[in-house]
Amino acid sequence: MVLPTIFFALCGYFAHHAIHGTRGLIARDTRNAEISAARIVLAEAEAERDAMERKVAGLRAEHLDRDMLEERARALLNVVAKDEIIVPYAPNRRLF
């Protein structure tokens, strides 16, 4: 009777840690959720980086886009033409 009881106790111990331990099934589900959230953040950061690279590509010396250059100059110098209409927006709201 003692040997089967010890065997079942060991099986129960290992089964408990296989489910609730630091490397158990519940911890695996938590890690998978964290990985999924991190992948979403990574995709957003890569999209933002790609948008910035497209904007910067228009300002490179070998391929200078005059419209992009004029847009950046107006933004940096805070200058507008007489026939332009200004639409204010909140500072934390992005246009694109």
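## Salt bridges and a nonpolar patch

Arginine 74 and glutamate 70 pair through their side chains in a salt bridge, 2.8 Å from N to O. The model is predicted. Both residues sit in helix 3 (residues 66-77), and they are separated by about one helical turn because they lie four residues apart. Arginine 74 is partly exposed, at 25% relative accessibility. Glutamate 70 is partly exposed too, at 39%.

Across the whole structure, a search finds four salt bridges. Side chains of opposite charge can pair when their charged atoms come close.

| Salt bridge | N to O distance |
|---|---|
| Arginine 74 – glutamate 70 | 2.8 Å |
| Aspartate 50 – arginine 49 | 3.4 Å |
| Aspartate 29 – arginine 28 | 3.9 Å |

Aspartate 50 counts as partly exposed at 31% relative accessibility. Its partner arginine 49 is partly exposed at 44%.

What is the relative accessible area of aspartate 29? The value is 46%, so aspartate 29 is partly exposed. Arginine 28 is also partly exposed, at 43% relative accessibility.

The surface has a nonpolar side as well. Met1, Val2, Ile6, Leu10, Tyr13 and Phe14 make a nonpolar surface patch of about 730 Å². Valine 2, one of these residues, lies in helix 1 (residues 2-20). Is valine 2 buried or exposed? Its relative accessibility is 59%, so valine 2 counts as exposed; the cut-off for exposed is over 50%.

Notes
Residues are numbered from 1 along each chain as its sequence is written. This is a predicted model: local features need pLDDT of at least 70, side-chain atom pairs count only at pLDDT 80 or more; totals for chains, interfaces and linings use all residues. Side-chain values use heavy atoms; hydrogens and water are left out. Patches are made of residues with over 30% relative accessible area and no salt bridge: like charges are joined within 9 Å, nonpolar side chains (Val, Leu, Ile, Met, Phe, Trp, Tyr) within 5 Å. Accessible areas come from the Shrake-Rupley method with a 1.4 Å probe; for residues, only the protein chains shown count as cover. Helices (H or I, at least four residues) and strands (E, at least two) are DSSP runs, numbered from the N terminus. Buried means under 20% relative accessible area, exposed over 50%, partly exposed in between (1.4 Å probe, protein chains only).
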